[in-house]
Amino acid sequence: MSASIAVHPHRLLPADPATRAIAESLLTLVEHLPILSPHGHVDAAVLERDERFPDPATMLVTPDHYVTRLLHAAGVPLGELGLGSEPAPPREVWRRFCAGWPLFDGTASGYWLRSELVQVFGIDDARLTAEHADDLYDELERRLGSPEFRPRALFERFGIEVFATTDDPLDDLSAHRALAADPTFRGRVLPTFRPDAYLKAHSAGWAERVDRLISVAAGGASGYAGYIAALEERRRYFIAHGAVSTDHGAATAQTLKLDPADAAALFDRARAGDADAADAAAFEAHMMYEMARMSVDDGLVMTVHPGVFRNHHRPSFDRFGGDTGHDIPVRIDYTAALRPLLNDFGTREGFHLVLFTIDETTFSRELAPLAGFYPAVYIGAPWWFLDAPDAMLRFRSAVTETAGFSRASGFIDDTRAFASIPARHDAARRVECAFLARLVAEHRITEERAAEIVVDLVDHAPRRVFKL
């Protein structure tokens, strides 16, 4: 039996032998560096409790919208993939996945899945077929039941040094506190302040959430002033528990600077249920400006992930909820939208604004020029639909000629799938080596300089940009 392509030493490296040799040399410098994951969506409680992962389907299929969306497109109902109030039994979900495995050829998710199944779990990927589904399920179940596959053991095996979660502003962060106090746990698990649910006045339950925020954290203040004070207080609480950044999944990148009296009037209308869609959009744009102001004051890195039409298929959202595979990228504007924010804060010392996109037309047109002028702006790594090998190469080519290498954030895995983390970081490192090797082969940079750059991209950049 031939070795799996998941362990082929040349995977994702250039096909040309001479260029590949350069890439291989660069890869030796970064292949085994610790993983820095300053943005992701794994719950800190997974590590704090250190309980065995559930069955293979619940771990690898059901929560991964990259997987469920493609199977759904092939005609598999989401309920048969473990979603909903009455999901299919996990073994049946796994059978569906194995039968649909050929659908993932050529996809980024297929690359990660193959890598984690082979490299993390020791599975023979040639047996990923409907015929062998039950045997593989049983094999994975046995592995998941052993101590070396518990979350903390995998965390150490993966070589993770920094691991950020994404958290509601009112989370008590007890899991983070417990991990920080546990002398047996090595690694930094950092909370990330994610205030979207408190900034989007059009979302269901917004007023109730804001009421609770003010009652918990405003220190007796009320109204708009209490709302601002409460957000500032919760940011301080997160910083005290290790946070280095805030994250914003805004619909757009729009920012707006309002007079405090006008902002208060808009807040009161929204809280009373009298705001229309334009009011809600204006309020969110103003609060994005306010989040930047707060970051200037308290030092938290501000990351912005706009440009997604969330929950595109309403029947699926009504039945299965969000993050189930039907979020779709849309066009996005950064240049005009961010001008109010950047006019006031774009040159402020210590302010870091990391801009992500899944509209790759903005790579060279907007993000690279913005990062190439404003000291505060950094270009976020390819995200979501774009954190795939070819898209990462397009990104690096598109932004480097204008902004160079120093204005990039470093890779972020943005994942809910814990076992895929090493595969994602390995892919990013190989792509960076492939790109730099081409520049060396074309005599555009020296191999010595490429060696310095690749270490910076993998290790120094995320430490610098996210203030690690």
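Predicted model: local features only at pLDDT ≥ 70, side-chain atom pairs only at ≥ 80, totals over all residues.

Reader: Which residue does glutamate 442 meet in a salt bridge?
Author: Arginine 444, with 3.0 Å from N to O. Arginine 444 is partly exposed too, at a relative accessible area of 45%.

Reader: How many salt bridges does the structure hold?
Author: There are 40 of them.

Reader: What about aspartate 387, which side chain does it meet?
Author: The side chain of arginine 424, in a salt bridge of 3.7 Å from N to O.

Reader: Why does aspartate 387 count as buried?
Author: Its relative accessible area is 2%, and buried means under 20%. Arginine 424 is buried as well, also at 2%.

Reader: And aspartate 323, what is its salt bridge partner?
Author: Arginine 416, with the closest N and O atoms 3.3 Å apart. That pair also links distant parts of the chain, 93 residues apart. Aspartate 323 is in the loop between helix H15 (314-320) and strand S7 (328-329), and arginine 416 is in the loop between helix H18 (389-403) and helix H19 (421-441).

Reader: Is aspartate 323 buried or partly exposed?
Author: Partly exposed, at 36% relative accessibility. Arginine 416 is partly exposed with a relative accessible area of 36%.

Reader: New topic, strands. Which strands does S5 pair with?
Author: Strand S4 (residues 245-248) pairs with S5 in the parallel sense, over four bridges. Strand S8 (residues 353-355) and S5 are also parallel, over three bridges.

Reader: Which residue of S5 is the bridge partner of serine 245?
Author: Valine 301. Towards S8, threonine 303 has valine 354 as its bridge partner.

Reader: Which way do the side chains of S5 point?
Author: Val301 and Thr303 point one way, Met302 and Val304 the other way, and all are buried. In a regular strand the side chains alternate between the two faces of the sheet.

Reader: Now helix H11. What span should its 12 residues have?
Author: H11 covers residues 206-217, and at 1.5 Å a residue it should span 16 Å. The end C-alpha atoms are 16 Å apart, so the two agree.

Reader: Which residues of H11 are buried?
Author: Trp206, Ala207, Val210, Leu213, Ile214 and Ala217. Seen down the axis of H11, these fall within an arc of 125 degrees, so they line one face of the helix.

Reader: What covers the buried residues of H11?
Author: The cover includes helix H10 (196-199), helix H12 (223-240), helix H13 (260-271) and helix H14 (277-298).

Reader: Which residues are exposed on the other side of H11?
Author: Glu208 and Ser215 are exposed there.

Reader: And what is the phi of glycine 219, which follows H11?
Author: The phi of glycine 219 is positive, near 65 degrees.

Note on methods: Residues numbered from 1 in each chain as written. Heavy atoms only, no water. Salt bridge = Lys/Arg side-chain N within 4 Å of Asp/Glu carboxyl O. Helix = DSSP H or I, 4+ residues; strand = E, 2+ residues; numbered from the N terminus. Buried < 20%, exposed > 50% of the residue type's maximum accessible area, 1.4 Å probe, protein only. Pairing = 2+ DSSP bridges. Expected span 1.5 Å × (residues − 1). Arc of directions from axis to C-beta. Contact = heavy atoms within 4.5 Å.
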